[in-house]
Amino acid sequence: MAEAAASEKGLSEEEKVVTSPDEDGAAALSVSGVYFICPLTGTVVRKDKKEKHLREAIESHFSVDPVAASIMEIHTFNKDQEKVRVGVETVAKYLDNICSHPEEEKYRKIKLQNKVFQERISCLEGTQRFFQAVGFETKTLPVPGQETTEDYYVLKEEMLTRLEDLKAYKEQLLSSGPVRAQLDRQLCVFKPSPAAARFELPNDFYNLTVEEIKREQRLRTEAVEKASMLRTRAMREKEEQREMRKYNYTLLRVRFPDGYILQGTFYAREPVSALYSFVRGALRDDWLPFELLGPGGLKLTDDNLAFNECGLVPSALLTLSWDAAVMADVQASREEPPASPLKPELLCSVQTLS
């Protein structure tokens, strides 16, 4: 999967995962960046290109299904989810009124300058295209008893024969959610290496820039030297929380008993269970019981703890330990045990840590 993703971006697998040292001798990056998989196109894109790609993918979907595309636009590009909820429910009410009273013309017209419409609907990106997609058109109509006109969305006459479609559009609007790009794990396997615990991360992994982090580290060191004995427990806990929020992502490596290393990218706030699933998905025999040991040999027993709560950010090397009794039974039952517990297809693209 990672190999195909790299080729889509025009990168070789080596370029994507481990970059070469700089000309001035700087250490190679452990991974070239953070990447995401677009759920609409399957394309893998770098973090800073994610939003642009999602917009382009949704835009291209208008030629296929304009109703679905406009719904995606509403739920994805309006960041205030409470405003989206209120707006969507108001649109649904308009459609409900039409379906319940198709013979009443007043329900088939929506005044665009209406205060509720302005405050709840027109402020949301995608709503105009949704009304167009489900059968409304914009018309300028005279105001009864006045010599002025106002703009309206008016439902086309032919839509009165398609009320079931309107009901389906309403349900689709209410039940949908934002389109989210999936974090690309960038799964890699490395040969045994003494450099397994060395990490050089790109800026993608940090909330702060590298310069800001270095400055904070320097200031913190100076502060600790001056007043380390004066800090209360609450102050220390507050500082630890601030430290955890610095990282959006973490690069994790799991070293197997044979020395081979499995690497993947995770959200810093993902639970430990995500790493167990990741490792299990890479095993030739995914039923084999194992434990993961963090730095210092600490067992990761609480699956619900987030990586940043375990101190496994922005990178960490963990060790996999098999259940000894089960492994003894497995080895006794096989004439020739496999050379590696990892899937053969992963071993075909094994790399060397530099």
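Two residues are in contact here when heavy atoms lie within 4.5 Å. The model is predicted, and local features are described at pLDDT of at least 70, side-chain atom pairs count at pLDDT 80 or more, and totals for chains, interfaces and linings use all residues. Residues are numbered from 1 along each chain as its sequence is written, and side-chain values use heavy atoms, with hydrogens and water left out.

Leaving aside its neighbours within four places in sequence, Leu-275 is in contact with Leu-252, Val-254, Phe-266, Leu-292, Phe-307 and Leu-318. Leu-275 is also, with Phe-256 and Val-279, among the residues with the most contacts inside the largest nonpolar core, a set of 42 residues. Such a core is a set of buried Ala, Val, Leu, Ile, Met, Phe, Trp, Tyr and Cys residues joined through side-chain atoms within 4.5 Å; buried means under 20% relative accessible area, exposed over 50%, and partly exposed in between, with a 1.4 Å probe and protein chains only. At least two residues of this core come from each of strand 8 (249-255), strand 9 (261-267), helix 11 (272-281), strand 10 (290-293), strand 11 (315-322) and helix 12 (324-333). Helix 11 supplies the largest share, six residues. Apart from this core lies another, of 26 residues, which includes Ile-74, Val-84, Leu-112 and Phe-130. In soluble globular proteins, nonpolar side chains tend to be buried together.

The chain as a whole has 13 helices and 11 strands, taken as DSSP runs numbered from the N terminus (helices H or I, at least four residues; strands E, at least two). Of its 354 residues, 41% are buried. Among contacts between residues at least 6 apart in sequence, 67% join residues at least 24 apart. The chain exposes about 19,800 Å², of which carbon and sulfur atoms supply 49%; accessible areas come from the Shrake-Rupley method with a 1.4 Å probe, and for residues only the protein chains shown count as cover.

Turning to the strands, two count as paired if DSSP finds at least two bridges between them. An open sheet is formed by three strands in the order 2-1-6, with antiparallel pairing. Strand 2 (44-46) and strand 6 (182-183) stand at the edges with a single partner strand each, so one side of each is left without a neighbour in the sheet. Strand 1 (residues 35-37) is joined to strand 2 by three bridges, and Ile-37 has Val-44 as its bridge partner in strand 2.

Seven bridges join strand 5 (residues 149-155) to strand 4 (residues 136-142).

The structure holds one cavity of 30 Å³ or more, and the largest cavity has a volume of about 30 Å³. On a 1 Å grid over the protein atoms alone, a cavity is a set of points where a 1.4 Å probe fits but cannot get out, and lining residues have an atom within 4 Å of a point; grid points are joined across faces, edges and corners, and a volume is the space filled by probe spheres set on the points. The lining consists of Ile-74, Gly-87, Val-88, Val-91, Leu-124, Thr-127 and Leu-173. Helix 5 (residues 81-100) gives the most to this lining, with three residues.

Val-88, in helix 5, is buried at 6% relative accessibility. Not counting residues up to four places away in sequence, Val-88 touches Ile-74, His-75, Leu-173 and Leu-174. The C-alpha atoms of Val-88 and Ile-71 are 9.5 Å apart in space, while the two residues are 17 apart in sequence.

A buried residue is also found in a loop. Ser-193 lies between strand 7 (188-190) and helix 9 (210-227), with a relative accessible area of 15%. Leaving aside neighbours within four places in sequence, Ser-193 is in contact with Arg-255, Ile-261 and Leu-353.

Methods
On a 1 Å grid over the protein atoms alone, a cavity is a set of points where a 1.4 Å probe fits but cannot get out, and a pocket is an open set with protein on both sides within 12 Å along at least five of seven lines; lining residues have an atom within 4 Å of a point.
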